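Please open the structure in your viewer and keep the selection tool at hand.

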Amino acid sequence: MEEDKEYFNQDLLKIEISPIVAISEAMKGRNDVFHFYRGEINLNTPQQIINNIKKALDEGKTKYPKSAGEPPLKQHILEKLKKYNKINGLITDNIIVTAGGQEALNILFHLFYGRECASFSPVWSVVVEDFNQYSHQNINEIPFNKDMSINWERTENALAKSRFLYLNSPHNPTGKVFSEDELRKILELCKKNNTFIISDEAYEHIVFDDKEHISIASLPEAKDYENSIATVYTFSKTFALTGGRVGYIVTKNEKLNKVIKNTQYTHTAGISTFIQYGLVGAYDLEDEIKNRRNELQKRRDMIYETIARIDKISCSKPEGAFYFWLDLSKIAEDGYNYMLEKTRICGVPGTAFTKQYMAEYKPCVRLSYSAVDSEIIEEMIDNLYNKMVV
């Protein structure tokens, strides 16, 4: 409509629904495909959290929440940040509770309106499809090497022209977990180029084998750069609480902290009070967290054992999160449609995770194994092997 140009915010008109959501809605209810697209965990939310939410409701915790988060939850988060993430020198005022990790990232990206952004590539689809669109940002993508190692020359070139870096570890969509040496080098280059760091650590508790999740803000070398780091976490993935919409931003930058707090409260007037109280003590459920990680690792191992035997597919073994990044360039120009038509496995097209490398990622497809039980995985991998090898 012609009047759209006169009255409406053109940035918002550019936003489209995530390809992942579009695929999940289109495929919902179809029994003729294997559903490996959305990052939704099919495990139950821990019963203690459910009980705590019910208790909070019974106690009448249904009024407006405190801006930036309820004090008991922020104190619990603070203890977790010290114990697990090993980030020292924090106080509760450094924490802002948000509507999931997605709102936290949304606010941070918009704070850098019009600035250049750097990100390792492929990139989480919401970043390239939404955040960059209405924040007027050009994203300088840094593609991983084939073995998921980092090309440091490309990294330095991208950081030299970027105001901030979007860093995601464990990584969606590849499952890469950045090592301590890699994080140190990234921090060194960000310091050199005065590049702010937005560290997305949504999958922090989902790491496999001998890998360790390390928060870049915890490195000793970050102590003199702490005002240029904001870290984003969420309860969604660890506790299968995607519908709860609770995440949080952590930063020691007092000016930034105040801006985020005011922006967040203006957006939502805070996060549901009873859900916040329901999450007090969540990180103490260490056995629950471990069992969930073990279940996801079991699923990963089942799939990887088969994929590793298929020469037509290139794939590095995921170290965390719950995704496979498959490269079908040996046999197909369009990995998503080939996989769907040949094997009935529905993932997400590689092109959903880039703006800069559409042709290079078209043969790729992301598979999420978070919402499928072992029985379905067994059926899927049998079908995959039979269709791709036999």
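Select Glu288 and Arg292 in helix α12; being four residues apart there, they are separated by about one helical turn. Helices (H or I, at least four residues) and strands (E, at least two) are DSSP runs, numbered from the N terminus. The two side chains meet in a salt bridge, 3.4 Å from N to O; the term means a side-chain nitrogen of Lys or Arg within 4 Å of a carboxyl oxygen of Asp or Glu. Arg292 is buried at 11% relative accessible area, whereas Glu288 is partly exposed at 31%. Buried means under 20% relative accessible area, exposed over 50%, and partly exposed in between (1.4 Å probe, protein chains only).

This is a predicted model, where local features need pLDDT of at least 70, side-chain atom pairs count only at pLDDT 80 or more, and totals for chains, interfaces and linings use all residues. Residues are numbered from 1 along each chain as its sequence is written, and side-chain values use heavy atoms, with hydrogens and water left out.

Next, select Glu286 and Lys83, whose side chains form a salt bridge of 2.7 Å, N to O. Glu286 is in helix α12 (residues 286-307) and Lys83 in helix α5 (residues 71-83), 203 residues apart, which links distant parts of the chain. Lys83 is exposed at 60%; Glu286 is partly exposed at 44%.

Move on to Lys191 and Asp224, a salt bridge with its closest N and O atoms 2.8 Å apart. Lys191 lies in helix α9 (residues 180-193) and Asp224 in the loop between β6 (196-200) and β7 (229-234), so the pair ties together parts 33 residues apart in sequence.

Finally, select Lys55, Glu59 and Lys61, which are linked in a network of salt bridges. The structure holds 20 salt bridges.
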